[in-house]
Amino acid sequence: MLNPFKRKQKENELRDENRLPPGQSLTQKFPVLHYGPTPQTDINSWDLRVFGAVEEEVSWNWEEFNKLPRTKIVMDIHCVTRWSKFDTEWEGVSIKTLIDEGFIKPKPEAKFVVQHCEYNYTTNTPIEAVVRDNFLLATHFDGKPLTVEHGWPLRGVTGSFADRSEEKTIYLWKGGKWLRGLEFRADDKLGFWEVNGYSNEADVWKEQRFSRRGW
Ligand SMILES: Nc1nc2c(c(=O)[nH]1)N[C@H]1C(S)=C(S)[C@@H](COP(=O)(O)O)O[C@H]1N2
Ligand SMILES: [Mo]
């Protein structure tokens, strides 16, 4: 851990490198944030279901999921509550790869994806937001399986790259922890935080934290 002075110095460096989004500050911890209790997943009955506007619905149990092609990425992640964590290392399965390799076949009308999680938590994005190099279905953080509070066995995660080569960056709440389903849809459907006042667009660099609907 850096002392407070060093932390500020590092934060300024990141700002100079154009890696610190507006209104964010650097954290060295990994805060845990979610609504409601932490689910106790039974890995033997766990599955991930892909449904909705797809040519064929599929579901993978844990063993099958672990045979899918795997990807490792390093990203900076940005929470709407104003912390950013840099150079975080994730391993898991890329939706982009699953589509490129024919494991998931979205129908032409599929324009949105809803992530369905334990306890009916959902979060929604345009399809492009999850079919990108900076979105991963993650099983591992920092070389180790996810901890339960960070979403074990599977979570969505999204952020920015150090070289800022990604097309768009959205806040971390658009990565569902304890993921159980991916629903492809022709129309959009607001998820949990989106219904509760968070921005649907959620662009980190435009600081789209809250929606103005109804305010
Ligand atoms: N299932 C579920 N996933 C969730 C949430 C939640 O309430 N339930 N909260 C989101 C929010 S608001 C954030 S900031 C991130 C936090 O991830 P972390 O706890 O690993 O830091 O998870 C997101 N994924
Ligand atoms: Mo959040």
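**A first look around**

Analyst: Y119 sits in the loop between strand 6 (112-117) and strand 7 (122-126); strands are DSSP runs of E with at least two residues, helices are runs of H or I with at least four, and both are numbered from the N terminus. This is a predicted model, where local features need pLDDT of at least 70, side-chain atom pairs count only at pLDDT 80 or more, and totals for chains, interfaces and linings use all residues. Residues are numbered from 1 along each chain as its sequence is written, chains are lettered from A and ligands numbered from 1 in the order in which they are written, and side-chain values use heavy atoms, with hydrogens and water left out.

User: OK, what's phi of Y119 near?

Analyst: Near 60 degrees, which is a positive value in a residue other than glycine.

User: And the peptide bond from W152 to P153, is that cis or trans?

Analyst: That bond is cis, with omega near 10 degrees. P153 is in the loop between strand 9 (144-145) and strand 10 (155-158).

User: How many helices and strands does the protein have?

Analyst: Five helices and eleven strands. The C-alpha trace spans about 55 × 40 × 35 Å along its principal axes.

User: Switching topic: how many residues surround ligand 1, and which are the closest?

Analyst: There are 19, and the closest are P31, Y35, H150, R155 and K177. Being near means having a heavy atom within 4 Å.

User: Where does L33 come in?

Analyst: A backbone N or O atom of L33 is 2.8 Å from an oxygen atom of ligand 1. That's a polar contact, meaning a pair of N or O atoms within 3.5 Å; within protein, one must be able to donate a hydrogen and the other to accept it, and residues adjacent in sequence count only if both atoms are side-chain atoms.

User: What about K177?

Analyst: A polar side-chain atom of K177 lies 2.5 Å from an oxygen atom of ligand 1.
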